[in-house]
Amino acid sequence: MRIGAISLGCDKNRVDTEKMLSRLVGGGHTLVGSEEEADVIIVNTCAFIDKAKEESIDEILNAISAKKADKKKKVIVTGCLAQRYADTIKEEFPEVDAVLGIADYDKMLETVQEVEDGERVFSHDCKDGFYSGRVLTTPYHYAYLKIADGCNNHCTYCAIPSIRGKYRSEKMQDLLSEAQKLSDDGVKELILVAQDVTRYGTDFDGKPHLIELLDELSKLDFEWIRLLYLYPEMVDDALVEYIKNSSKVVKYVDVPLQHIDDAVLKRMNRRTDEKSVRELIEKLKSAGMTVRTTFICGFPGETKEQFEKLRQFVKDTEFDYAGFFAYSREEGTPADKLDGHLPEKVKNQRADELKKLQEKIIEKHNASLVGKTVEVIYDDIDYDRQAFVGRMQSQAPDIDNVVYFTSEDEVKIGNFYDVEITGSTGVDLTGRVIK
């Protein structure tokens with residue numbers, strides 16, 4: 001059958017989708033690029049915050065619309081929204097033929113056959129074992145490696161532990177086997193993801209094994225190894241020194257801080273305070289790291305003074321990259337029951353203010369790069385701009401700004417080039433390849 005898949009949310013979800021597609025291709029099905037072409041439409045959903053849930057519902061409705069135009073089509077919903085709201089989807093979307101949870105991808109092949117036979121399927125067994133096959137949805141030269149699932153941190157605003165369960169690390173040998181296949185297929189940049197990569201292996205014996213994993217991955221034929229989502233309390237001196245001295249792990253860390261005020265951090269059930277956060281950022285900057293972070297604006301009880309403290313911290317620290325999110329009230333989380341919930345308008349205004357501040361910081365940093373030559377990996381082409389699209393080591397795919405560049409000679413996607421930075425456009429850089 002012809003399968004069309006839509007993957008929403010984070011890169012961990014993307015990996016789930018890629019492994020699901022591999023199962024389907026291995027079962028003899030064909031992948032297509034549009035809902036119109038598909039016999040079966042699979043929507044792998046996200047339910048992290050309200051906007052993610054809205055996007056997931058919109059995509060389910062789009063799939064249902066395609067089914068109404070061609071009643072032979074089938075619709076399968078899976079992922080976090082399906083895990084969290086299975087009964088609601090079953091009741092409110094009778095056109096959906098199957099609902100599978102976050103660890104039911106081993107059932108996808110038989111589910112496709114069952115819905116084709118006219119059955120309606122609902123499963124939340126969560127019994128998936130490790131599966132290494134992938135159909136990459138990224139450009140061939142970079143890929144994500146999901147090293148763990150679930151989370152034990154229980155931040156008061158987050159529903160992930162209730163959706164994804166406890167933190168579960170993949171076996172190191174399984175990860176190395178999967179990474180070897182990716183390397184053999186030409187992947188040059190391997191991006192490690194989990195809800196918290198720094199806790200990798202702690203569920204084995206109580207100790208983190210991230211450095212050990214990185215040692216083994218560094219023996220493979222990757223040019224860059226990138227780490228995303230390092231919780232600040234787990235970024236110790238040993239890990240900082242390892243990244244600093246590694247020839248393969250890029251000097252880039254994504255450390256979600258969420259706030260700087262001690263009282264707000266305590267209400268969030270974060271395991272850091274202002275003093276430790278400031279010390280960590282100073283340590284990372286001294287080691288020459290590019291630092292990306294995220295902050296929540298308008299958390300319940302956040303006063304004007306606490307927000308101003310956060311704004312000043314962002315201004316003074318000048319993070320390389322930072323994302324700002326208006327607090328999203330998630331049912332069933334401890335924060336949902338806190339007092340002091342702020343109006344949506346106030347939360348959005350605070351997030352927008354910090355986004356504008358961060359843009360100015362990035363533009364200032366960009367100006368300092370003009371005239372310098374940097375190494376860039378070629379990712380894509382922008383026909384509207386008549387330019388190639390690339391990234392430096394200090395830029396992660398999809399979430400950071402990019403380098404638009406030109407070249408007098410032929411360039412090939414996935415190759416590295418020396419690019420002289422000539423200017424910027426908004427938060428993005430512009431340049432030209434140096435022969």
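Student: What makes the five strands β15, β16, β17, β19 and β18 a barrel?

Tutor: In this predicted model, the 5 strands close up in the order β15-β16-β17-β19-β18, with mixed pairing. Neighbouring strands there are turned by 50° against each other on average, direction ignored; axes are lines fitted to C-alpha atoms, with angles running from 0 to 180 degrees between N-to-C directions.

Student: How do you know that β17 and β19 pair?

Tutor: A pair needs at least two bridges found by DSSP. Strands β17 (residues 403–406) and β19 (residues 428–433) have 4 bridges and run parallel, so they count as paired under that rule. Val403 stands opposite Leu429 in β19.

Student: What is counted as a helix or strand here?

Tutor: DSSP runs: H or I of at least four residues for helices, E of at least two for strands, numbered from the N terminus. By that count the chain has 14 helices and 19 strands.

Student: Why does the radius of gyration agree with a compact globule?

Tutor: The rule is 2.2 Å times the number of residues to the power 0.38, over C-alpha atoms. For 435 residues that gives a value near 22 Å, and the chain has 22 Å, so the two agree.

Student: What share of the chain is called buried?

Tutor: Buried means under 20% relative accessible area (1.4 Å probe, protein chains only), and 54% of the 435 residues qualify.

Conventions: Residues are numbered from 1 along each chain as its sequence is written. This is a predicted model: local features need pLDDT of at least 70, side-chain atom pairs count only at pLDDT 80 or more; totals for chains, interfaces and linings use all residues. Side-chain values use heavy atoms; hydrogens and water are left out. Buried means under 20% relative accessible area, exposed over 50%, partly exposed in between (1.4 Å probe, protein chains only).
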